[in-house]
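Hi,

Here is the structure I said I would pass on to you. Have a look at it first, and then read my notes below.

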Amino acid sequence: MSFEPGQVIGPYKIAEQLGRGGMATVYKAYHMALERDVAIKVLHRDFQADSNFLARFQREAKVVARLEHPNIVPVYDFAEHEGQPYLVMKYVRGDTLKDRLKKGPLSKEETLWIVETIGDALSYAHKKGILHRDIKPSNIIIESQQQIYLADFGLARIAQGHSATLTGDMIVGTPQYISPEQAMGQADIDEGADIYSFGVMLYEMVVGRVPFDADTPFSIIQGHLFSPLPMPSSINPIISFELEQVLIKALAKKRADRFATVKEMVDSFKDAWKTHAVLETRPAVPIAKEPDLPTLNMPHSSLVLAYLISTTGESFPIKMSTFTLGRTSPATKVFVDLDLTVLDVNKVVSRRHAIIEHRMNVFTITDLGSTNGTFLNGKKLAAHIPAPVKAGDVVELGQNGVKLTFAR
């Protein structure tokens, strides 16, 4: 049966429905004996298709109820009513971070406060062995300028055993914020999943939009799994290089390439935020035109940003701020800016192997998840994480593959 306003459920009297999400319907209720408002979250009946759900609900609810942190919404009680399980939590009055972001960009102080406070709450839970699994702005509640809460640990934890795969009928998590491993339904996720979702939230807070969005959940998830991260500075040019590197690492596709802990991520963000805040407060100045790039007696063009020189002396001009290296394949509709088919004598270059980008007079190279890797001066690069490249650096696509010297 449904929970209706005026209905008495145990010691609680239902007042009104506050909202409905992917995992639960939320009601405001009144605890008549204690004379206080509470939030009751009634889990959807979909979860009860799992015959072990009620047992897991009771087990996991006990675990999350032990979380005692000033910035985590506490769980007061858990029970079931006519076979329908529900959680009772502190009722928090305030806007969500999602609501706040709709009103405009956050101040530097707000951003740092949210990152530090929510990061501390998440670190506390991780030390207790509890993952959140659904970090997103709508689960951050701002009660006042001094108090903020991370909500819904209970729901994400309890729902963890339900179907959560790319092809399943339901995904535990929100497509715009879900980690790649959650989207694939991996059973052995660790705090790296929360780090990724937290990273998406940070990206949205400082860049102004989520990194991957589309018309359908499936398309959004495909972005998390396979698409290169849109460079923050290409969307918001004020983003500092240091801050961009933090976001890139937090949102690495592979768990091993992300931060080891939330604390490490927050500390890195705080260090980068200092540089970003300084850049943001500088007065605007005209951007000087970059000097022409003459070099190595090569034909000069005002459109040329840099060159790649092969071991046989051939020069390939880079004329675009985004320059893809690989092998053109019309049959599979893959077209790149520099087709290395002729130079690829060992057949190790992937169709879309790597990308060179030019932002704010800084060049970076990013491996696009190639089969045989990308090497910079002999060191293998982590996939999907940009690395700075400068004149004289040697780029190798695939071990013992095509070698190119970067020149400006």
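Buried means under 20% relative accessible area, exposed means over 50%, and partly exposed is in between (1.4 Å probe, protein chains only). Strands (E, at least two residues) and helices (H or I, at least four) are DSSP runs, numbered from the N terminus. In a regular strand the side chains alternate between the two faces of the sheet.

Before you go further, two notes on how to read all this. This is a predicted model, so local features need pLDDT of at least 70 and side-chain atom pairs count only at pLDDT 80 or more, while totals for chains, interfaces and linings use all residues. Residues are numbered from 1 along each chain as its sequence is written, and side-chain values use heavy atoms, with hydrogens and water left out.

Now, which sheet does E11 belong to? Six strands form an open sheet in the order E11-E10-E20-E19-E16-E17, with antiparallel pairing. The edge strands are E11 (315-318) and E17 (379-380), each of which pairs on one side only. Two strands count as paired if DSSP finds at least two bridges between them. Strands of a sheet pair through backbone hydrogen bonds, either parallel or antiparallel.

You can walk through part of that sheet pair by pair. E10 and E11 are antiparallel and share four bridges. Across this pair, Ile-309 stands opposite Ser-315, and Ala-306 stands opposite Ile-318. The two strands form a hairpin with four residues between them, and Gly-313 in the turn has a positive phi of about 95 degrees.

On to the next pair: E10 (residues 306-310) is joined to E20 (residues 402-407) by four bridges, and they run antiparallel. Here Ser-310 stands opposite Leu-404. E20 is also joined by four bridges to E19 (residues 394-397), again antiparallel, with Val-394 opposite Thr-405. E19 and E20 make a hairpin too, with four residues between them, and Gly-398 in the turn has a positive phi of about 85 degrees.

What about positive phi outside glycine? Glu-35 has a phi near 55 degrees, a positive value in a residue other than glycine. Glu-35 is in the loop between E3 (24-31) and E4 (36-43), and it counts as exposed because its relative accessibility is 60%. Lys-347 has a positive phi of about 55 degrees although it is not a glycine. You'll find Lys-347 in the loop between E13 (338-339) and E14 (352-359), and at 65% relative accessibility it counts as exposed. Most residues other than glycine have a negative phi, and most peptide bonds are trans.

Next, the inside. A nonpolar core is a set of buried Ala, Val, Leu, Ile, Met, Phe, Trp, Tyr and Cys residues joined through side-chain atoms within 4.5 Å. The largest core has 65 residues, and those touching the most other members are Leu-97, Phe-153, Phe-198, Leu-202, Met-205, Val-206 and Phe-269. Helix H6 (residues 191-207) gives the most to this core, with 10 residues. A second, separate core of 23 residues includes Val-349, Ile-356, Phe-363 and Val-389.

Which residues does Phe-269 touch? Leaving aside neighbours within four places in sequence, Phe-269 is in contact (heavy atoms within 4.5 Å) with Thr-111, Val-115, Leu-202, Val-206, Leu-243 and Val-246.

Helix H7 (residues 217-226) is worth a look as well. Its buried residues are Ile-220, Ile-221, Gly-223, His-224 and Leu-225, and what covers them includes H5 (180-183) and H6.

Finally, the overall picture. The protein chain has 10 helices and 20 strands, and buried residues make up 51% of its 408 residues. Among contacts between residues at least 6 apart in sequence, 55% join residues at least 24 apart. The accessible surface comes to about 19,400 Å², of which 52% belongs to carbon and sulfur atoms; areas come from the Shrake-Rupley method with a 1.4 Å probe, and for residues only the protein chains shown count as cover.

Enjoy exploring!
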